[in-house]
Amino acid sequence: MTDALIPTADPTVASSDATVEPRVLTPHIALARVVMLVNPASGSVGPTAAAEAEAILAEYGCEASVVSLESSGFDDQIQAALDAKPDVLFVLAGDGTAGTIASRAGPDGPLVAPLPGGTMNMLPKALYGTADWKAALRLALEEGAPQCVAGGEVSDGQTSSVFYCAAILGSPALWAPAREAVREGKLKLAWLYARRALRRAFSGKMRFSLDGKAPRRAEALVLISPMISRAMDENTGLEAAAMNPSDAAEAFRLAAHAVFSDWRQDPAVTTRAIQRATVTARSRIPAVIDGEPVLLSHEAKVKFIRNAFQALAPNPPAAEDSV
């Protein structure tokens with residue numbers, strides 16, 4: 001008996017006993033060739049995701065290829081997918097991997113559709129409004145259109161990280177896990193995260209400069225992309241929010257606002273649109289960049305990227321993670 005390799009889908013060949021028409025693809029762009037990268041080792045993906053993705057893609061009239069990422073050839077597989085120049089590159093992986101692939105695709109690469117396969121899933125939720133990767137996949141296939149995604153880049157002279165949702169610099173970066181726990185209904189866990197963030201507050205304020213203006217001091221600086229900012233409607237810059245509580249009582253109130261309500265209403269917060277920022281501190285700067293915790297050097301620079309990459313998403317994007 002000989003095993004045969006059967007393509008996921010071939011729109012030019014129909015089975016003689018086929019009775020089901022292919023599902024209708026989006027009318028906004030031609031999707032003839034689709035590639036999907038799956039990282040089965042990612043926290044919320046699992047070993048059966050590749051087969052499930054193949055089954056879904058087989059329902060549509062497009063040529064599709066599903067690739068399971070392997071740790072030994074991770075980088076080469078990603079590059080091969082980009083070099084294939086598909087009409088859209090779906091990515092089912094963690095937040096960091098999805099962001100890296102979007103960054104490598106850039107504004108001139110194939111359309112990228114980052115599906116929710118990580119922990120916080122900030123970018124997928126902003127684009128598709130769901131943490132269900134199968135629902136997001138179908139939404140992109142059936143309603144997707146090319147969308148310019150703006151973002152920012154954080155560099156500390158040693159490493160550089162691109163973000164498409166938000167970057168939090170300073171000790172209150174730990175409030176981000178608390179906020180996510182609230183969304184998942186885990187209020188006790190959110191309270192524990194918030195308490196941990198408060199214990200680390202006042203370890204030394206940072207100095208920051210926005211668009212070359214005179215330096216100021218703050219406990220934290222939050223940079224928010226236009227896609228998820230409730231305060232910005234266009235890709236004109238990053239929303240910069242300086243958090244500057246004067247004592248523990250104000251820090252507690254600000255933490256509660258950041259976790260449970262609209263933190264912009266707190267008097268310890270000031271916001272404005274910016275193109276670039278510089279942050280310095282006496283020690284290394286804790287940060288959360290699109291949900292990924294990092295430890296930056298004592299000086300970091302941030303710049304706005306108007307056209308970071310092109311996504312396949314409904315127009316307008318869902319922006320479920322608006323902040």
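Before the first stop, a term: a polar contact is a pair of N or O atoms within 3.5 Å; within protein, one must be able to donate a hydrogen and the other to accept it, and residues adjacent in sequence count only if both atoms are side-chain atoms. Also, this is a predicted model, so local features need pLDDT of at least 70 and side-chain atom pairs count only at pLDDT 80 or more, while totals for chains, interfaces and linings use all residues. Residues are numbered from 1 along each chain as its sequence is written, and side-chain values use heavy atoms, with hydrogens and water left out.

Select Ser42 and Gly117 together: a polar atom of the Ser42 side chain sits 2.7 Å from the backbone oxygen of Gly117. Ser42 itself is in the loop between β1 (33-38) and α1 (49-57). Helices (H or I, at least four residues) and strands (E, at least two) are DSSP runs, numbered from the N terminus.

Now show the neighbours. Leaving out residues up to four places away in sequence, Ser42 touches Ala93, Gly94, Gly117 and Gly118, where contact means heavy atoms within 4.5 Å.

Is Ser42 buried or exposed? Buried, because its relative accessibility is 9% (buried is under 20% relative accessible area, exposed over 50%, partly exposed in between; 1.4 Å probe, protein chains only).

Next, pick the cysteines Cys62 and Cys148. Cys62 is buried at 0%, and Cys148 is partly exposed at 36%. Disulfides (cysteine sulfur pairs within 2.5 Å) come to 0.

Finally, zoom out: the protein chain has 8 helices and 16 strands, and buried residues make up 50% of its 323 residues.
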